[in-house]
Amino acid sequence: MATSNPTLPVIPLPGLRLEVLGNYLASLGLLRLLARKSPSVRIAWQDGVLQVVGGPQNLDELLNALVGIAEKREWSPYERQWKREQQKATKQKDGRPLAVWRASADEEWVELFDAHDVPLDRVAFNPLLGSGGNAGQREFVKGWAQVVGELQQPPKKVNRREELRAWLLGEAISWMVSGVAAASWFSSANKIYNSGQSAYREEPLSPWAMALACEGLPFFAGAASRRLGARARAQ
């Protein structure tokens, strides 16, 4: 009896190579967004190139999906609802205020919170997200809000779709924004110091890069064992 296995569509995206942490985050964000419509979608890297498998049929369909999300601002919300309790917990050196907040928080915020903080006897932070959502003066939430606004209403001469296509394929892009707090993940967005001098400049970044990177953050939610502690009683 002859059987036939379906051929899954595969879309290579050479712009999302793993040399940069931010590209890994953006790849996870891309997976999360595409899974809304295609739960069977998967991603993998082959020879360093990201492959999107079993989702959109071609690159045009993938681009249309992301542009539609940008136009309608259908990104997963990124806000630090727990910020006040985090400041209180840090000041008191006690994780209890955050644990209480988590116990009564809306479900949509719990996963994002767990990616940032783990309230134990003290607050433990995910190193990926600095001190619970900021790294020094970099506020990731502010950077996210800036880029999703830019993506929803880009400058008049900017072709949002073509800029996305070029970025995903590793081609030259012309639309970049500065001050989006992404230098912790994208080395190209860091302040580059000249050799032997103190002058520097803050490099811009594609708004698509920051938006997709933030979309992937909930994948880093701390496990229940981390939140409960090593000495918690078994249930």
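These legends walk you through close-up views of a predicted model.

**View 1. Three strands make an open sheet.**
The strands sit in the order S1-S3-S2, and their pairing is antiparallel. At the edges you will find strand S1 (10-13) and strand S2 (42-46), each of which pairs on one side only. On average, neighbouring strands of this sheet are turned by 25° against each other, direction ignored. Strands of a sheet pair through backbone hydrogen bonds.

**View 2. S2 meets strand S3, with a helix packed on the sheet.**
Five bridges join S2 to strand S3 (residues 49-53).

**View 3. Tyr 78 and Trp 144 form an edge-to-face aromatic pair.**
The ring centres are 6.3 Å apart, with 75° between the planes. Tyr 78 belongs to the loop between helix H2 (59-72) and helix H3 (83-92), while Trp 144 belongs to helix H6 (residues 140-152), so the pair ties together parts that are 66 residues apart in sequence. Tyr 78 is buried, with a relative accessible area of 2%, and Trp 144 is buried too, at 11%.

**View 4. Phe 140 and Trp 185 form a stacked aromatic pair.**
Here the distance is 4.6 Å centre to centre, with 20° between the planes. Phe 140 lies in helix H6 and Trp 185 in the loop between helix H7 (160-168) and strand S8 (191-193), so this pair links parts 45 residues apart in sequence. Phe 140 is buried, with a relative accessible area of 0%, and Trp 185 is buried at 2%.

Methods
Residues numbered from 1 in each chain as written. Predicted model: local features only at pLDDT ≥ 70, side-chain atom pairs only at ≥ 80, totals over all residues. Heavy atoms only, no water. Pairing = 2+ DSSP bridges. Helix = DSSP H or I, 4+ residues; strand = E, 2+ residues; numbered from the N terminus. Axes fitted to C-alpha atoms, helices over the stretch in contact; angles between N-to-C directions. Contact = heavy atoms within 4.5 Å. Phe/Tyr/Trp six-rings, centres within 6.5 Å; stacked < 30°, edge-to-face > 60°. Buried < 20%, exposed > 50% of the residue type's maximum accessible area, 1.4 Å probe, protein only.
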